[in-house]
Amino acid sequence: MSRVGNAAITVPGGVEIKVQDKAILVKGPLGEMKSPLPEGVELNQDGNVVQLKRTDDSREARALHGTARALLNNNIIGVSKGWVKNMELVGVGYRAQLKGNELVFSLGYSHEVRYPLPNGIKASVNNQTQLELNAVDRQKLGQVAAEIRS
């Protein structure tokens with residue numbers, strides 16, 4: 001049995017959940033997101049508590065039960081609180097600036113390295129070496145942080 005999939009999710013105030021066409025739509029104060037609802041998994045909502053249950057014991061349903069619950073939980077947290085990644089530039093003379101919707105890094109090259117921020121990602125630079133990234137989508141935030149690191 002999936003321990004992750006069986007755990008109930010408490011929905012905070014201001015967050016609304018609807019099931020539409022094999023997807024779960026989550027709306028909150030910071031935005032809205034969609035989470036897939038795989039076949040063999042159904043959503044049960046009782047007040048402000050949501051639980052995902054398997055409809056059958058097929059291998060695919062067992063495999064996707066915990067994943068679907070984790071994705072839904074990440075979306076609920078994202079639209080209610082948001083996700084934050086803190087990064088630090090380590091190196092002599094390394095610094096970052098935010099110019100419009102673009103991060104500009106001075107990393108010891110003969111030129112500046114520019115990184116345009118995708119939609120849905122907000123950034124702030126503190127002390128020229130500390131970078132804070134904010135987003136509703138946890139996966140997108142992690143991808144942007146990984147691209148900046150590389």
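Asp21 counts as exposed, because its relative accessibility is 76% and the cut-off for exposed is over 50%. Asp21 sits in the loop between β2 (16-20) and β3 (23-28). Keep in mind as you look around that this is a predicted model.

**The loop between β2 and β3**

- The phi angle of Asp21 is near 45 degrees, which is a positive value in a residue other than glycine.
- Lys22 is found in the loop between β2 and β3 as well.
- Phi of Lys22 is also positive, near 60 degrees, and Lys22 is likewise a residue other than glycine.
- Is Lys22 buried or exposed? Lys22 counts as exposed, because its relative accessibility is 59%.

**Helix α3**

- Helix α3 covers residues 138-149, twelve residues in total.
- From the first C-alpha to the last, α3 reaches 17 Å, close to the 16 Å expected at 1.5 Å a residue.
- Which residues of α3 are buried? They are Leu141, Val144, Ala145 and Ile148.
- These residues lie on the same side of α3, because they cover an arc of only 100 degrees around the axis.
- At the start of α3, a side-chain oxygen of Asp137 comes to within 3.2 Å of the backbone nitrogen of Gln139.

**A charge over a ring**

- Have a look at Arg138 and Trp83: the charged end of Arg138 sits over the ring of Trp83, 4.3 Å from the centre of that ring.
- How many aromatic pairs does the structure hold? The count is zero.

- Gly78 lies in helix α2, which spans residues 59-80.
- Gly78 is buried, because its relative accessible area is 0% and buried means under 20%.
- What does Gly78 touch, not counting residues up to four places away in sequence? Its partners are Leu30, Trp83 and Val136.
- Between the C-alpha atoms of Gly78 and Asn6 there are 21 Å, and the two residues are 72 residues apart along the chain.
- Asn75 also has its place in helix α2.
- Asn75 counts as buried, because its relative accessibility is 8%.
- A polar atom of the Asn75 side chain lies 3.5 Å from the backbone oxygen of Lys34.
- Leaving aside neighbours within four places in sequence, Asn75 is in contact with Val26, Met33, Lys34 and Ser35.

**Strand β7: Val84**

- Val84 has its place in strand β7.
- Val84 counts as partly exposed, because its relative accessibility is 47%, which falls between the 20% and 50% cut-offs.
- Leaving aside neighbours within four places in sequence, Val84 is in contact with Glu132, Leu133, Asn134 and Leu141.
- How far apart are the C-alpha atoms of Val84 and Glu39? They are separated by 32 Å, with the two residues 45 residues apart along the chain.

Key
Residues numbered from 1 in each chain as written. Predicted model: local features only at pLDDT ≥ 70, side-chain atom pairs only at ≥ 80, totals over all residues. Heavy atoms only, no water. Helix = DSSP H or I, 4+ residues; strand = E, 2+ residues; numbered from the N terminus. Expected span 1.5 Å × (residues − 1). Buried < 20%, exposed > 50% of the residue type's maximum accessible area, 1.4 Å probe, protein only. Arc of directions from axis to C-beta. Polar contact = N/O pair within 3.5 Å; in protein donor to acceptor, adjacent residues only side chain to side chain. Phe/Tyr/Trp six-rings, centres within 6.5 Å; stacked < 30°, edge-to-face > 60°. Lys NZ or Arg CZ within 6 Å of the ring centre and 35° of its normal. Contact = heavy atoms within 4.5 Å.
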